Structures are given as structure tokens and as C-alpha cells.
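Let's take a walk through a protein model together.

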Amino acid sequence: QGGRVSIALSSHWIEPQHMTENNIKECQKSLEFVLGWFAKPIFIDGDYPQSMKSYLSSALPEFTEAEKKFIRGTADFFALSFGATLSFHLVDPDMIFQQQETLSLRQLLYWISHEYNRPPIFIVENSWFVSGITKTDGSIYMNYMKYFVSDTLKAIRYDGVPVIGYTVWSLMDGFEWLRGYNIRRGLFYVDFESQDKKLILKSSGMFYQKLIADNGFPLKPEDQPAEGTFPCNFAWGITENFLQVDTTRSQFLDPNVYLWDVHQTKKLIKIIGGVALPRKPHCVDFAAIRLQISLLKDMHITHFHFSLKWPSILPLGNMTSVNHTLLFYYECFVSELLRANVTPVVALWQPSVENQGLPLPLGGWEEQRTVEAFAEYAGFCFKKLGQHVKFWITMNEPNMMNLTYKAAHNLLKAHAKVWHLYDKKFRRTQKGKISIAFHANWVEPACPFSENDGNAAKRVLEFDIGWLAEPIFKSGDYPDLMRQWLQHKNSLGFYAPYLPYFTEEEKHLIRGSFDFLALSHYTTFLVTSEKETPKHYNDLLEIQMLVDITWVKSPNRNPVVPWGLRKLLNWVKFKYGDVPIYIIASGIDDQKDVDEDKLRMYYIENYINEALKGKGYMTCNDIKSNSKISLHCPRLLSLS
């Protein structure tokens, strides 16, 4: 018949709890007890692993020499089952030997190849599962499939493992043994309650169809690295949330007059009654400024972005108490930046943990008096620093704070009030620009074939970014989708928070209160409309945020997704037109105490490359591990 025959073996993968020699041996023993129990007799020498024979002693039967010879070599390929059936949390605890299970199919394939003399491996069962209540948009299932297939491809391409085939379990939903109907593992959805048990192709099935048609993950033209240079007037910058202020003056603080006894005591002798004339403070007194400026100069940057501390400048929130020392420090810092040919980009306010970053006497953005106080504070900063600062940010990442709708309403009015103040009283003489900066991560539909997930992504973008951007950069009012969705939720009996209304005068005040659009972008997430993990489900927006398990992640589990930046820039252009865009912060955490932060290097290179494709980004390196990369763009080129 010309066929081939083998036995299908299930296995897990296991890693040491701690990288000790003993733990590594325990992992080897675990694999030998689960997989080697059958694999070693068939693929190696006809006998059980030595670890089993030593551990189980007489409890393990013995083969005769004839039986060993008869068993050895009775497989034409290695048939492997790996997934939720046996491979995760279902292995007998006694066979784990206090180590930890993981889902690394690639490492298991490599281990099998080297342990059993490189047999051709056919993955005859592999998949994950979703909740029994999930219908056709099972993004978790799809992402695990992508992860496993990607691991298989890496094992073939990079590790030289002879994998000859891959099989998904299963074609349709069914009775899943001890889990019954509580989970689903099919590519086709089955309505078990219906009379005809109708089959519907799931998004995971569509994904698998495309995967087979493409024969893997071919590199798309838009994914190819771009080559070229940025325009000559691109500005490369660095950002710090807040300056590390050190107002200690380094010299000329003692007003007394001394004689230096160079012949005998070699000491300074104070002259009684001798006092020098009072001396005004000078920027050179602050040694900390010189150090920071020298680091920035070494980076060859053109822009530096930081936020002022409103509570530190005006502790009471008004002009009755002014920290003149700190204000002078800021004035020195920005003037020294200019001397070093570095353009300061200064934010008036940024939320922080303590009292939202507001002076303590102010109750919060829910109160109207905070709006008036912010305008007074901004005008004071314009007067004191405006001769040096030509790029102003009214508020930096306000949508990162847990804002109520009422607080955001007042915050938008405060921004517009300050923009008009600068426009009327300071722009002509100071010739600067001013706008607001938003935190803007990208969200992608978890299932690219799902209309529901596509709508969920639109909701998240409007509620996260459009909420504050739409009134300023487009209509003067909140996004229609946002208000309609909240009304829809209320009509269903879900108590949705009240979204205030602007007067026509307020709309006119807010609309157009910008000179550019500033964004902070760090990462990308997936979003699904399915309630796959109830505790992580957002009932108001009817969405759940996810992370693709195949994405590169930082030590703090932040995904590195360069293409998300380009999609964000295109979305902004589509929504708000050809407004100049400044990316004022971007970056990732990396391993501590390493000289080469390779992940950050990868992040910078690939995010900048995506910006180069979009022709609307400029970036920088950063001078210390907890800095964020800042990107400033003198003008926005057209986004492709």
C-alpha cells in the first residue's frame, strides 16, 4: 500500500523552577516519565528510560531482549499531540517533580529531535480552547493557534527540526471529555441547543484557511523595513516626565570676607565685620543643570520635553505663594538649553499620583475654580518663561488619569482658555506654539475577520483618544459614537455615566484650540467583543483587551508592536486631517543592570522605521534607562 504508520504520543513541556542542576535533571525526568515512557522503547533501544527504571524499580515491568528488538524502530515518524488535552495542567502532578509547565512547542520539538535521533515529526493534534459561551469570534483560540504554528515554523527554520506536518484539533465543537460542553475547540461553531445543530465557520477557522493558503506567514510589502533618511528639519528629542530638580547652589553663597594664611596655618581667616555686597543668583550656581545639559549635548538632540510641577511653583494654586527659587531654576534650565541649541518643549501640567498633580488647595478638575486657577498659572508661566520656550503643551497625557466625564469637561475648557490666552496676549511677541498632548496607544481587532471586534476597536479609540481630541481637533463636541453608545447602554438599563454638553459658545472656544497634535505612543493591544475572561471584561464598552501571545514583550509585559504606531498615525490623519503631529514620548522598559539594552534598541529601530514609512515621526535615543524616547516633528509630512 505504500503507507506509513506510527503511534501518537501526547506530551507537555516543562521548565525548571530555578536554574539549578538538580531542577534541570528533574525536568528531564518529567519528560522521560510522560513522553519517554513510550518514545524511548520505540525510537531508541526498545527499553524504558533509565530514570523510570531507577525511580519505579520493580513496579516497572521488564522487556526481554526479544521484546526490545521487536519494539525498537516500530514507527515511520514521530506523531505528537500537544495542547490542552494533556499538555497543560492535566499531567499527573507526581510527574511534574516540583517544576513548572509551559506552552513552548518549539522547545519540545527541539528536545524530541535531539533526544530521539531526529525523526520526522508530525504534529497530529494541537490547539487550545475557549469558553463554552464563546460563539464565533474566539480570538484567544486563534492567537494560541498562531503561537503554536509560529513555534513550529521557528523550529523548522531556526532549529533544523524535521517537522513534516501540523494538524489542528478539532473541526467542530463537541463533547470535550471531562470538560463536557464547558469549552469549545472547533473551527466550526455548533449551536448545541438548536434542532439542526447548524455549523458556522469561526474566525479561527478563517484564520486557519488563510494560513494554509499563504503556507505560513509571508512577509507583506508594508512589513518590509523602509530605507532612507528623514527630512533635514526633523527634530530628535528626549523627554523626562519631570526634571530632576536640584536647587543646591554650588558656590558664592557665603557673604563673609576671608584672608588666606598661606604661610602658617594654610587656613582661611574670617575678617570680623567684613561682608561682601549681596550677589544676585546666577544660572551657573546650579551644577545639576550643567550636568544634564552636557548629557543632552552628547546625544546631539535638538528638542527636550519635560513638564513643570504646578504644585511646586504655586503651592496654594494662586499668586499668594510663589516658589521663586524653583521658577528661577526652570528659567535657567530652558535658557541653558537654548545656549546648547536644544529647543525646550514644556508642558504646564501632567497628572501625577498626589492630588492629580494639582496644588492641594484645589479640589480637582471637577471644580470650576481649577479652570480659572490653571489659566492664571499658565499666564504666569508664559510671562516668566515665554522668552525662552517656543513650544508649549497645556496638558500632558490627561487621558492617562482616571478622569470623570465632568473633570474632562472642565479640563477641555481649561485647555481652550489657556490656548486663547496665549494666542491673544503672548503669541505675537513670543512667537511660540501651543497645544495639548494625548496618550495614544493603538488597538487592533482581536479577530480581523470579525465585524464585532472591528466595532469594538472603534469604540475604544473614540473613548480613549477621540473623547478629548474630537472637541479640539474637529467638531467642538464629543464623538457622536461616544454619546450614542452611552445613550444605548442607558436604554438597556445599564447605568452609564452622564456625558455633559457644551454650550455653543464653549464649542466655539474649544474647536481649533491647537497649533499641532501631540501624542505619546508606547504599545498596541488587541480588543474583542467576546466575554472570554469575565473578570477582565469592560461591561460599559462591552470589550475585553488582550495581548497577542506571539508578540515580543518587555520585562513588565508591555508588548512591542511597531506597526501599531503607523496605524495610529494613519487613523489620526483620517480623523483629523493634515494637522501637524508631534510624537512627544515613546519607549519601552528593558532588563535592569544591563549594559546593552537590546530590547530598547530593537524598539527604537523598528518604531522609527514605521514612522519613516508614514513620513510623520522623529525620535531620539535616551540618556538613562527610565527615560522615555521623545519625538518632535517641526511639520507633518503627508502620511501614506
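First, some ground rules. This is a predicted model, where local features need pLDDT of at least 70 and side-chain atom pairs count only at pLDDT 80 or more, while totals for chains, interfaces and linings use all residues. Residues are numbered from 1 along each chain as its sequence is written, and side-chain values use heavy atoms, with hydrogens and water left out.

Let's start with strand β17, residues 433-439. Helices (H or I, at least four residues) and strands (E, at least two) are DSSP runs, numbered from the N terminus. Is β17 enclosed or open? Six of its seven residues are buried, so β17 is largely enclosed by the rest of the structure. "Buried" here means under 20% relative accessible area, "exposed" means over 50%, and "partly exposed" is in between (1.4 Å probe, protein chains only). The areas themselves come from the Shrake-Rupley method with a 1.4 Å probe, and for residues, only the protein chains shown count as cover.

Now look at the partners of β17. Strand β16 (residues 391-396) runs parallel to β17, and four bridges join them. Two strands count as paired if DSSP finds at least two bridges between them.

Next, find helix α11, which covers residues 405-425. Its 21 residues reach 30 Å from the first C-alpha to the last, close to the 30 Å expected at 1.5 Å a residue. That expected span is 1.5 Å times one less than the number of residues. How many residues of α11 are buried? The count is 16 of 21, and α11 is mostly covered.

On to the cysteines. The structure holds one disulfide, a term that stands for a pair of cysteine sulfur atoms within 2.5 Å. Cysteine 283 and cysteine 332 make this link, with 2.1 Å from S to S. Cysteine 283 sits in the loop between β13 and α7 (287-298), and cysteine 332 in helix α9 (residues 324-339), so the pair ties together parts that are 49 residues apart in sequence. The torsion about the S-S bond is about -85 degrees, so this disulfide is left-handed. Cysteine 283 is partly exposed at 21% relative accessibility, whereas cysteine 332 is buried at 0%. Two other cysteines to look up are cysteine 27, buried with a relative accessible area of 6%, and cysteine 447, buried with 0%.

Charged side chains come next. A salt bridge is a side-chain nitrogen of Lys or Arg within 4 Å of a carboxyl oxygen of Asp or Glu, and by this rule the count comes to 30. One of them brings arginine 185 and glutamate 176 together at 3.6 Å, N to O. Arginine 185 is buried, with a relative accessible area of 5%, and glutamate 176 is buried too, with 7%.

What does glutamate 444 form a salt bridge with? The partner is lysine 567, with the closest N and O atoms 2.7 Å apart. This pair links distant parts of the chain: glutamate 444 is in strand β18 (residues 442-445) and lysine 567 in helix α16 (residues 563-576), 123 residues apart. Glutamate 444 is buried at 16% relative accessible area, but lysine 567 is partly exposed at 34%.

Stay with α16 for another pair. Lysine 575 and glutamate 462 meet in a salt bridge at 2.6 Å, N to O. Lysine 575 lies in α16 and glutamate 462 in helix α13 (residues 451-473), 113 residues apart. Lysine 575 counts as buried at 14% relative accessibility, and so does glutamate 462 at 9%. Elsewhere, salt bridges that share partners join Asp47, Lys53, Glu65 and Lys68 into one network.

Last stop: the surface. Val257, Leu259, Ile269 and Ile271 form a nonpolar patch there, with about 300 Å² of accessible area together. Patches are made of residues with over 30% relative accessible area and no salt bridge; like charges are joined within 9 Å, and nonpolar side chains (Val, Leu, Ile, Met, Phe, Trp, Tyr) within 5 Å. β12 (256-260) and β13 (268-275) each supply at least two residues of the patch. Zoom in on isoleucine 269 in strand β13: at 42% relative accessibility, isoleucine 269 counts as partly exposed.
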